[in-house]
Amino acid sequence: PRQISIVTVSDGSRINMFPTDLHGPIGENVYAGSLRIGGLANDQVETYKRIVISKVEASSYRESYALGMNHVAELQGVEKFSIDPERSHVFDFPLPRAVVSYNELKHIDSLDYGIHRIHLYEVVHRKELRHQVSTLGHIHQYYAQWRLDHGLETQLFFR
């Protein structure tokens, strides 16, 4: 399964939030994430150099996947998003409504691989807000069917 998380990027007054599934920690202090070269989401990360990546509750799957259109959206006012009352500790960024935990990340480098730009970040701060909550993940239909065929308990949400 791939963890579906929500990225928040900000210019200080406006924000963008979009889902990502190609990301993860590299040791304790480095994090990596991949975005498509030439996309607005990628441009925003490169311009503002700071992001918050939030794990969200599995129950937020519809709202989280609906943010996918923001990969090609400009920054917007915070009021356009469903946000949690808590904000990130260091950057003071808004967090998605269903946030479970988050990492505040500072961009340090990137490299290109095909159509993707792999960004490397320094982990500035991490925080867990809710414990023992199911988080949103993605599996492909063939693996889901294999689990069902083998009688493995699997809770599926269809977008």
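First, the ground rules. This is a predicted model, so local features need pLDDT of at least 70, side-chain atom pairs count only at pLDDT 80 or more, and totals for chains, interfaces and linings use all residues. Numbering starts from 1 along each chain as its sequence is written, and side-chain values use heavy atoms, with hydrogens and water left out.

Now the fold. The protein chain has 3 helices and 11 strands. Those are DSSP runs, numbered from the N terminus: helices are H or I with at least four residues, strands are E with at least two. From the N terminus on, the order is β-β-β-β-β-α-β-α-β-β-β-β-β-α. The radius of gyration is 16 Å against 15 Å from the globule rule for 159 residues, so the chain is as compact as a globular protein of that length. That radius is taken over C-alpha atoms, and the rule is 2.2 Å times the number of residues to the power 0.38.

Next, the inside. Of the 159 residues, 40% count as buried, meaning under 20% relative accessible area with a 1.4 Å probe, protein chains only. A nonpolar core joins buried Ala, Val, Leu, Ile, Met, Phe, Trp, Tyr and Cys residues through side-chain atoms within 4.5 Å. The largest one has 13 residues. F18, Y31, V45, I51, L105 and Y121 have the most contacts inside it. β2, β5, α1, β6 and β10 each supply at least two of its residues. Take Y121. Beyond four places in sequence, its contacts (heavy atoms within 4.5 Å) include Y31, V45, I51 and L105. A second, separate core of 10 residues includes I4, M17, F81 and A98.

Now the pockets. On a 1 Å grid over the protein atoms alone, a pocket is an open set of points where a 1.4 Å probe fits, with protein on both sides within 12 Å along at least five of seven lines; lining residues have an atom within 4 Å of a point. Volume is the space filled by probe spheres set on the points, which are joined across faces, edges and corners.

The largest pocket has a volume of about 680 Å³. It has 23 lining residues, with G137, I139, Q155, L156 and F157 nearest its centre. Which element gives the most to that lining? It is α3, with 6 residues.

The second largest pocket holds about 430 Å³. Of its 18 lining residues, P19, T20, D21, R36 and H71 are closest to the centre. β5 gives the largest share, 3 residues.

Note on methods. Buried < 20%, exposed > 50% of the residue type's maximum accessible area, 1.4 Å probe, protein only.
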